[in-house]
Amino acid sequence: MFPRLQRLLYHMEKVMSSSEPEQIQPDPSVSADTTGGQHFVDRHRTALIERVTDTGTILDKLMERGVISDEKYDAVRALKTTQDQMKHILQCLASASTRGKDALYEILKGMRSMRPLITELEECE
């Protein structure tokens, strides 16, 4: 099956099986603190590029929230390393303003595998 069709079917199945609609707006209870005028994602760009490895899940969740397009999704997936994929994700989010960065922050905080990293980065501020 074609990759885009597979993704579309996956997302449709997920939406159809969900009893509640996906929340598109950022959760106000989750703060992506803009200390010193910089967003969490910007302050910790290097650490995120070096240490985030589950880019597939992040891409899927960004696409579910309408933050990235099919074209950007495919462009990131085509990259070979997770570091290159994270660089490209962050470049895509730069054009999505704070909404995209907030979405990434929420996604990372919600991923069990990323909680230790996010906690560490939050504590070092």
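A residue is called buried when its relative accessible area is under 20%, exposed when that value is over 50%, and partly exposed in between. The model discussed here is predicted. By the stated cut-off R65, with a relative accessible area of 15%, is buried.

**Helix α4 and the residues that follow**

- Helix α4 spans residues 55–64, and eight of its 10 residues are buried, so the helix is largely enclosed by the rest of the structure.
- The buried positions of α4 are T55, G56, I58, L59, D60, L62, M63 and E64.
- Just after α4, G66 adopts a positive phi of about 75°.

**Salt bridges in general**

- Side chains of opposite charge can pair when their charged atoms come close.
- The structure contains four salt bridges, among them the pairs R65 with E106, E120 with R51, and E122 with K109.

**The pair R65 and E106**

- A salt bridge joins the side chains of R65 and E106, with an N to O distance of 2.9 Å.
- Because R65 lies in the loop between α4 and α5 (70–77) and E106 lies in helix α7 (residues 97–110), this pair ties together parts that are 41 residues apart in sequence.
- R65 is buried, since its relative accessible area is 15%, and E106 also counts as buried, at 12% relative accessibility.

**The pair E120 and R51**

- The side chains of E120 and R51 form a salt bridge at 2.9 Å, N to O.
- This pair links distant parts of the chain: E120 belongs to helix α8 (residues 115–123) and R51 to helix α3 (residues 45–51), 69 residues apart.
- E120 is partly exposed, because its relative accessibility is 39%; R51 is likewise partly exposed, with a relative accessible area of 38%.

**The pair E122 and K109**

- The side chains of E122 and K109 meet in a salt bridge with an N to O distance of 3.1 Å.
- E122 is found in helix α8 and K109 in helix α7, so the pair ties together parts that are 13 residues apart in sequence.
- E122 counts as partly exposed at 27% relative accessibility, and K109 is partly exposed with a relative accessible area of 32%.

Definitions and conventions
Residues are numbered from 1 along each chain as its sequence is written. This is a predicted model: local features need pLDDT of at least 70, side-chain atom pairs count only at pLDDT 80 or more; totals for chains, interfaces and linings use all residues. Side-chain values use heavy atoms; hydrogens and water are left out. Buried means under 20% relative accessible area, exposed over 50%, partly exposed in between (1.4 Å probe, protein chains only). Helices (H or I, at least four residues) and strands (E, at least two) are DSSP runs, numbered from the N terminus.
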